[in-house]
Amino acid sequence: MHNTLLLIHSLLRWAILLAGIWAVLRAFMGVSGKTPFTGADKKAGLFYMIFFDLQLLVGLVLYFVTSPVVQTALQNMKFAMKDSVLRFYAVEHITMAVIAFVLVHIGYSKVKKASTDAKKHKTALIFFGIALILVFLLIPWPFRVAGGGRGWL
């Protein structure tokens with residue numbers, strides 16, 4: 001079960017990255033081009049949020065139920081804080097993920113409530129952009145030493 005959930009979690013990372021880039025690019029084009037906020041802009045943010053919802057659900061099951069790395073870290077947090085890989089998964093990864101998740105949800109809500117198209121684009125750019133930066137930081141890329149360097153999938 002752990003390997004299956006880890007694969008799903010890894011695949012969802014790509015969906016989040018693609019949807020996030022799509023949402024941020026649409027917001028950037030809206031801000032720079034002073035274009036109307038369209039249904040495509042709303043859908044970009046919605047897909048970004050939906051993929052984040054699914055990712056958080058799978059991630060929480062991995063974190064609290066199936067991850068041997070996290071279970072090892074939680075058994076001895078003093079030791080885990082000295083080990084970059086254990087600290088990354090037990091603290092850094094989940095903290096950044098939850099913050100990014102909250103930013104996407106707050107951003108989506110604020111975009112819906114914004115009174116003008118310019119405010120909608122600007123709000124989306126700020127909230128979705130910061131969340132996307134956090135996503136890039138929290139992913140255990142293959143070249144990332146501190147995160148244990150997981151594979152591309």
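The crossing of α1 (2-33) and α2 (39-66) is left-handed; a crossing has this hand if the near helix is turned anticlockwise from the far one by less than a right angle, and is right-handed if clockwise. In this predicted model, local features need pLDDT of at least 70, side-chain atom pairs count only at pLDDT 80 or more, and totals for chains, interfaces and linings use all residues. Residues are numbered from 1 along each chain as its sequence is written, and side-chain values use heavy atoms, with hydrogens and water left out. The axes of α1 and α2 come within 8 Å and cross at roughly 155 degrees. Axes are lines fitted to C-alpha atoms, for helices over the stretch in contact, and angles run from 0 to 180 degrees between N-to-C directions. α1 and α2 are therefore roughly antiparallel (over 145 degrees; under 35 is roughly parallel, 65 to 115 roughly perpendicular, the rest oblique). The contact of α1 with α2 involves 19 nonpolar, seven polar and four charged residues. Here Ala, Val, Leu, Ile, Met, Phe, Trp, Tyr, Cys and Pro count as nonpolar, Asp, Glu, Lys and Arg as charged, and the others, Gly among them, as polar.

A second pair involves α2 and α6 (117-138). The axes of α2 and α6 come within 12 Å and cross at roughly 30 degrees. That makes α2 roughly parallel to α6. The crossing of α2 and α6 is left-handed.

Six helices and zero strands are present in the protein. The pattern along the sequence is α-α-α-α-α-α. Helices (H or I, at least four residues) and strands (E, at least two) are DSSP runs, numbered from the N terminus. Along the principal axes, the C-alpha atoms fill a box of roughly 50 × 30 × 25 Å. Of the 153 residues, 42% are buried (under 20% relative accessible area; exposed is over 50%, partly exposed in between; 1.4 Å probe, protein chains only).

L56 lies in helix α2. With 22% relative accessibility, L56 counts as partly exposed. L56 and I94 are 38 residues apart along the chain, and their C-alpha atoms are separated by 9.1 Å.

The largest pocket holds about 550 Å³ of space. On a 1 Å grid over the protein atoms alone, a pocket is an open set of points with protein on both sides within 12 Å along at least five of seven lines, a cavity is a set where a 1.4 Å probe fits but cannot get out, and lining residues have an atom within 4 Å of a point. Grid points are joined across faces, edges and corners, and a volume is the space filled by probe spheres set on the points. The pocket is lined by 28 residues, with H9, Q55, G59, L62 and H93 nearest its centre. α1, α2, α3 (68-75), α5 and α6 each supply at least two lining residues. The largest share, eight residues, comes from α1. By class, the pocket lining has 18 nonpolar, eight polar and two charged residues.

The search of the whole structure finds one cavity of 30 Å³ or more. About 60 Å³ of space lies in the largest cavity. Its lining consists of A23, R26, A27, F37, D41, K42, G45, Y108, V111, H121, A124 and F128. Two or more of these residues come from each of α1, α2, α5 (84-113) and α6. The cavity lining divides into seven nonpolar, two polar and three charged residues.
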